[in-house]
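The following note is meant to be read beside the sequence and the model. Please keep both in view while working through the numbered points.

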Amino acid sequence: MTSGAPSGNTQGSKTWSGNFFEDFQLGQVIRHATPRTVTEGDRAVYGSLYPTRFAVPSSAAFAASVGLAAPDGTGHPVEELIAFHIAFGKTVPDVSLNAVANLGYAECRFHRPVVPGDTLSTTSEVIGLKQNSNGRSGVVYVRSTATNQRGEIALDWARWVMVHKRDPEAPAPDAVVPELAPAVAATDLIVPAGLDFSSYDAEAAGEPHRFDDYVVGERIDHVDGVTLTESEHQQATRLWQNTAKVHFNVEARPDGNRLVYGGHVISMARALSFNGLANAQLIAAINAGAHTAPAFAGDTIYAWSEVLDKAEVPGDRNIGVLRLRLVATKGRDPSMTLRGEDGKYGPGVLLDLDYWAFVPR
Amino acid sequence: MTSGAPSGNTQGSKTWSGNFFEDFQLGQVIRHATPRTVTEGDRAVYGSLYPTRFAVPSSAAFAASVGLAAPDGTGHPVEELIAFHIAFGKTVPDVSLNAVANLGYAECRFHRPVVPGDTLSTTSEVIGLKQNSNGRSGVVYVRSTATNQRGEIALDWARWVMVHKRDPEAPAPDAVVPELAPAVAATDLIVPAGLDFSSYDAEAAGEPHRFDDYVVGERIDHVDGVTLTESEHQQATRLWQNTAKVHFNVEARPDGNRLVYGGHVISMARALSFNGLANAQLIAAINAGAHTAPAFAGDTIYAWSEVLDKAEVPGDRNIGVLRLRLVATKGRDPSMTLRGEDGKYGPGVLLDLDYWAFVPR
Amino acid sequence: MTSGAPSGNTQGSKTWSGNFFEDFQLGQVIRHATPRTVTEGDRAVYGSLYPTRFAVPSSAAFAASVGLAAPDGTGHPVEELIAFHIAFGKTVPDVSLNAVANLGYAECRFHRPVVPGDTLSTTSEVIGLKQNSNGRSGVVYVRSTATNQRGEIALDWARWVMVHKRDPEAPAPDAVVPELAPAVAATDLIVPAGLDFSSYDAEAAGEPHRFDDYVVGERIDHVDGVTLTESEHQQATRLWQNTAKVHFNVEARPDGNRLVYGGHVISMARALSFNGLANAQLIAAINAGAHTAPAFAGDTIYAWSEVLDKAEVPGDRNIGVLRLRLVATKGRDPSMTLRGEDGKYGPGVLLDLDYWAFVPR
């Protein structure tokens, strides 16, 4: 097992400046620093930054009523996106500190709920490499796995980023592009142990709409908007120990703006989607995600969703899954237009996220 | 029991747009979403947003010394206002999303301390309805009750709001205006089980002034000021899952300003009142509250208090109660003038809150 | 034991306006309000405000692996600076509310890790007094000790501040200036019970550099920068219950700026120093600190370090200590210049902090 750290060190320096394209090797396994314990504090800070109201992470009593916490409230899961952001943040120093662009992710599955007290560590394997024709950068494909302190998988996902070369003269590796599924199959989703929606309290959860009320092709305008602030996006991104300079430092970009972490937009849109999708309680998987335009403090974020697919989970626990497209926009677009006639994303579209969520039947 | 959700749905939409005046019926009981578990994280975020130093919520050891926590610190109560804001926030989507104005509240009593691990749920009963003469809106009176996961009452209060009608042609209900007490009687206050001030450590608490040192009619200038920021008021309001759009969205008001949640001003003023009222440890009841002017980021908030009444709690636990008027102002007013000669609130007055607090004798 | 509170009360008022120079007496012991319980919430808020990634406070599992937490994660220490800021904040209302300037601190030792659930209280003894020749102010020297709920010392330090006199005619006390060590001797550092670096996981911690890799005189440019925001420094400072008005109130200074609490700069620089000093896991002592220029929102903070000294801790637990100078600058200074040719601090230098840290050998 090779640590990501030594190779990317600045010459003669103890300071870490990230890996460059030629530092990655096919099959290389990078064990990322630093393990991070999730706490009730994370839940509270998250709730101060995003207008989330999903009943499972909001209430230990509700979580217990669907089999996801003990009667005394212990083992109360946090939002899946808390786990995702922490696990993802770990990979940044080794994988994307010298990224030209984050190109995409796929096959992200949540294997088990993360609860306060869990310590997450992330490991990545290089599963693909392809130098760009310009010879100055290349695409790195990694499969990352976050485990808890017992070594159990919490989540895993694939991701590909375009990374600068340190030395344009460095030889190109053999091109290997992994085959990644356009979406996780419904049958491959992992239902959390204990989850049971058969005595689901929709009134407490906030909306009456269940699995059968959603139709493939249906679009939902989530109506509400939130204006971003500099402090809030910085606090969120820092909480995940994400070290990408552009989020925190006005001197890091030529325009002097701090770029909002894409995950901040994801969490904001997911929280806004409560209004219409209150019963999409748990994220089961993320199939794909595109950050189609940058977001900055002062932007007002809205969201809409489209039902892409649906499936019933076998058994008598009343569980269904909805495949949802979650779109975040800058400014509200009541027409919910994803792409213009030219096939390109509309100018207000910031995020196009494809995910599966567990809902009660 | 009727859920607030279905009736107010936008036609043909899954998105909730709140109840309108004609959606309320006398005697109707609305069970509000979403239950919310209070955590140590809430205490910390609260402490980062308000300059609070009251010894009971600040210190588990101090709380134990006055009978409000176990010797090992478990059962350490959070600020009463944390419980109030959470419980109140639950009612917003159903009661006041279409409010023209929050007119007032009364008879708010804290029944027992709220501690980390408690899950709060809120239910409201419609206790009065009165359509306005213009036919376009009406006043809704509700009595709301927040209970913990054991079904015990944590707090309850009455509130009345002016709400838009969806359809001006909808018939007016019979006018019913409930009788509400101008103040909770001292004898109706609920002393927390276990509370005992007989070995009260005033030095640790920060000030020597006890029950006997306060005189009815006395005014206290709390001296300190805090300049509000956009991020801080948003974070506070979001922490309580309050969904009122005007607090978060610059596109929600014609002037493009985000209105500061009135509860943010209450918590700020209460925290500032430590300087002079450090021993007003626990809020026992809120008798009345008027938000007399809007607050915005950039405003600097000061506070002063007036002793309105006082009473001894029978028994040998050295407990007294002070009835206090807490006034928040924009800019400091050393003259502590509540109303001008015309009987109207002075231009700098933002909040006029009437409450009872437990103090050591 | 004399409380600091009564003497400094404004005449005829319940409001506390702080002690003035003539209120202090040699040998006086001030027991500061308010005890404060540390929680997991503090760890999370801290992590949202500073880009900290040190493995011990980040991960309960890592802390357990070096003997600083139980296998189940209980007893997981928080950052030493959380304890420092809380303990220091307690002294502000009594010692430095009327300070002209914070002149310095010395001999700060961390006696034992602080863990969630610990309640910190601070007491100060006046160990020196020296009136200034102008007769309008004087220097007060205090030794402050923070203890936990079991009465064990968590940390102690000496500090001296210049404080206004209330009455210039008040007689000068006999001048007493205590002798304070320029640095804590390596042999006087207190190794936390249980700490054992013999199976230290450098890969998890983030960097391979150990005790032997650091050379006295070496300088490390930590490269990364963070742009300060108004909300973030206010939230941090408030979390420590620090009441100095200049940090929160635009009306408190003639220039209308909110001064950033010096401790905010310390925590920011310490977190930035992870990049190059990831294994400087625990702060053992603070030898000296100078806040050489004010910081404001909008400033971008960078940091560099110099290795001043090093020593091995006897025994087979693979522990060493590095004495480090941590310098925070406004804007990056790749030349890492502390002082100009005139011997004065460079214009960009904000902080010059001298401390000891435990590192694995």
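How many residues of chain B are in contact with chain C, and how many of chain C with chain B? The points below begin with the numbering and confidence, and then take up this question.

1. **Conventions.** Residues are numbered from 1 along each chain as its sequence is written, while chains are lettered from A and ligands numbered from 1 in the order in which they are written. This is a predicted model, in which local features need pLDDT of at least 70, side-chain atom pairs count only at pLDDT 80 or more, and totals for chains, interfaces and linings use all residues.

2. **Confidence.** The pLDDT is the predictor's confidence in each residue, from 0 to 100. For chain A the average is 95, and 97% of the residues score at least 70. Residues 1–11 of chain A, however, have a pLDDT below 50, and this stretch has 27 contacts in the model beyond near neighbours in sequence. Where pLDDT is low, the predicted coordinates should not be read in detail. For the complex, the predictor gives an ipTM of 0.95 and a pTM of 0.96.

3. **Chains B and C.** To answer the opening question, 39 residues of chain B are in contact with 36 residues of chain C; two residues are in contact if their C-beta atoms, placed from the backbone, lie within 7 Å. Among the elements of chain B that each supply at least two residues to this side are α1 (40–49), α6 (230–239) and β7 (219–221). Helices (H or I, at least four residues) and strands (E, at least two) are DSSP runs, numbered from the N terminus. The most is given by α1(B), with eight residues.

4. **Chains A and C.** Here the contact takes 36 residues from chain A and 39 residues from chain C. On the side of chain A, two or more residues come from each of β2 (36–37), α1, β4 (119–131) and α6. It is α6(A) that gives the most to this side, with six residues.

5. **The pair α1 and α6 in chain A.** Two packed helices are described by the angle between their axes and the distance between the axes. Helix α1 (residues 40–49) and helix α6 (residues 230–239) of chain A pack at an angle of about 155 degrees, with axes 10 Å apart. Axes are lines fitted to C-alpha atoms, for helices over the stretch in contact, and angles run from 0 to 180 degrees between N-to-C directions. The two helices are therefore roughly antiparallel (under 35 degrees is roughly parallel, over 145 roughly antiparallel, 65 to 115 roughly perpendicular and the rest oblique). The crossing of α1(A) past α6(A) is left-handed, that is, the near helix is turned anticlockwise from the far one by less than a right angle, clockwise being right-handed. D42(A), V45(A) and L49(A) of α1(A) make the contact with E232(A), Q235(A), A236(A) and L239(A) of α6(A).

6. In α6(A), 10 of its 10 residues are buried. A residue is buried if 20 or more other C-beta atoms lie within 10 Å of its own, exposed if 12 or fewer, and partly exposed in between, with C-beta atoms placed from the backbone. The cover includes α1 and α7 (262–272) of chain A, α6 of chain B, and α1 and α6 of chain C. Just after this helix, Q241(A) takes a positive phi of about 60 degrees.

7. **The pair in chain C.** α1(C) and α6(C) also pack at about 155 degrees, with their axes 10 Å apart. That makes α1(C) roughly antiparallel to α6(C). Because 10 of the 10 residues of α6(C) are buried, this helix is largely enclosed by the rest of the structure. Its buried residues pack against α6 of chain A, α1 and α6 of chain B, and α1 and α7 (262–272) of chain C.

8. **One residue of α6 in chain B.** E232(B) is found in helix α6 of chain B. With 28 C-beta neighbours inside 10 Å, E232(B) counts as buried. Leaving aside neighbours within four places in sequence, E232(B) is in contact with L49(B), S231(C), Q234(C) and Q235(C).

9. **A contrasting residue.** V29(C) lies in strand β1 (residues 29–31) of chain C. V29(C) has 16 C-beta neighbours inside 10 Å and so counts as partly exposed.
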